[in-house]
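Let's walk through this fold together, going from the sheet to the helices and then to a hairpin. Have the model open beside you as you read.

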Amino acid sequence: MKTQANDRTVAVNGRRYAWPQAPVVVVCIDGSEPAYMDEAIAAGAMPWLSQALPRGTRRLADCVVPSFTNPNNLSIVTGVPPSVHGICGNYFYDRQAGVEIMMNDPRYLRAGTILAAFADAGASVAVVTAKDKLRRLLGHGMTGVCFSVEKADATTKAEHGIDDALGFVGQALPSVYSAELSAFVFAAGVKLMERFRPDVMYLSTTDYIQHKHAPGTATANAFYRMMDGYWAALDAAGATIVLTADHGMNAKHGADGKPQILFLQTLLDDWLGAGEARVILPITDPYVAHHGALGSFATAYLPDADAMAIAGRIAALPEIELALERRAAAERFELPADRIGDVVVVSRKPFAIGTSADRHDLSGLDAPLRSHGGLSEQRVPLYCNRPAPALPAEARLRNFSAFDLALNYAEPAAAPATRRRAV
Ligand SMILES: [Zn+2]
């Protein structure tokens, strides 16, 4: 069902989105520090993007802090910060129950998604995500195609909107730790565009490459060249494409290649007594091999202690960018106050925060530590293959304005793509 009416809008979480004039594809490139595309373009590895950007929109935006995957993917698909949608990390601590709770279940989501709202309004919607940890959150309440590459060998029409996604894409199932996992996301996106021409598509990759390879390296450039080829195909199909990232990525090691880690649990044990405080690293998830659960953001639940004073003491450490007590952190970073600890701690760019040395398995780290989570990974690209002249030049943009840019600001393509849409 397609409606031609240009004045039709869909309201979600306090914002109105115009009905797409052409298929809209929002891409979340996991861990895409702006330098990755700058370097790849400079190296000639992104011929499509090099041509598309001068005609389109090239801006930078701020992601949500903690600069982690799930809070930002959910912000992008809801158009609002975690204070509204509720997902502020992979884990939070239930103080009453004394257990750490994984937040990858839709019951922790407090807002509907733009994807579900468009599907409800009659749009055809498709979502492909690399890892399965995001699938149920992204697809919550949504009718349409929604599957993860990780589980592409087990999709059903009833649950994922498509039978046998593996056969549909026609590629072998990639390893969860591989560049191919992300390549499959785009191969699927192009196939879906050819076959179903969805009105709205959301494609989300994994940062496996970015965790191991710095911008401008041969492996990183090859990865961006791969994506550029798929984007060219989506562009040729007439899609309005917005490219953004969930967060950036920086080296968290010294000149010797060793990780630079502040062990916060050890420190608080020392200050307050063993086990009195509980440090939560919300980057922790079932796939920690490439970062050892080390990022630049932590939150700590304190015993009956003066959070303001502890935050002040932590903030004075050379590794630390800032430490805020709960209320100040919730306000500054737009976080749900009931899902963060008494103190929020962000480390400086070259440092990561751990709990204690014995609780991090670094054996899977086969390259010097690169990670994210802090303010130093907040800047991300917000690119579009269409011009958006009405977008205020001086405004602070957010990555969760990606759908706003695509649907409300991007100017439609010239005649050929519009004609194709009528087919
Ligand atoms: Zn990520």
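Start with the open sheet, whose seven strands run in the order S4-S19-S10-S3-S9-S7-S8 with mixed pairing. At its edges sit S4 (57-62) and S8 (145-148), each pairing on one side only. From one strand to the next, the twist averages 10°. A word on terms: strands (E, at least two residues) and helices (H or I, at least four) are DSSP runs numbered from the N terminus, and two strands pair if DSSP finds at least two bridges between them.

This is a predicted model, in which local features need pLDDT of at least 70 and side-chain atom pairs pLDDT 80 or more, while totals for chains, interfaces and linings use all residues. Residues are numbered from 1 along each chain as its sequence is written, and side-chain values use heavy atoms, without hydrogens or water.

Within the sheet, S3 (residues 24-28) and S9 (residues 200-204) pair in the parallel sense over five bridges; there, Val-27 has Leu-203 of S9 as its bridge partner. Helix H11 (residues 218-236) packs on the sheet and touches S3, S9 and S10 (240-244), where contact means heavy atoms within 4.5 Å.

Now turn to the hairpin of S1 and S2, which has two residues between the strands; Asn-13 takes a positive phi near 50°. S1 (residues 9-12) and S2 (residues 15-18) pair in the antiparallel sense over four bridges, and Val-12 is partnered by Arg-15 in S2.

Notes: Axes are lines fitted to C-alpha atoms, for helices over the stretch in contact, and angles run from 0 to 180 degrees between N-to-C directions.
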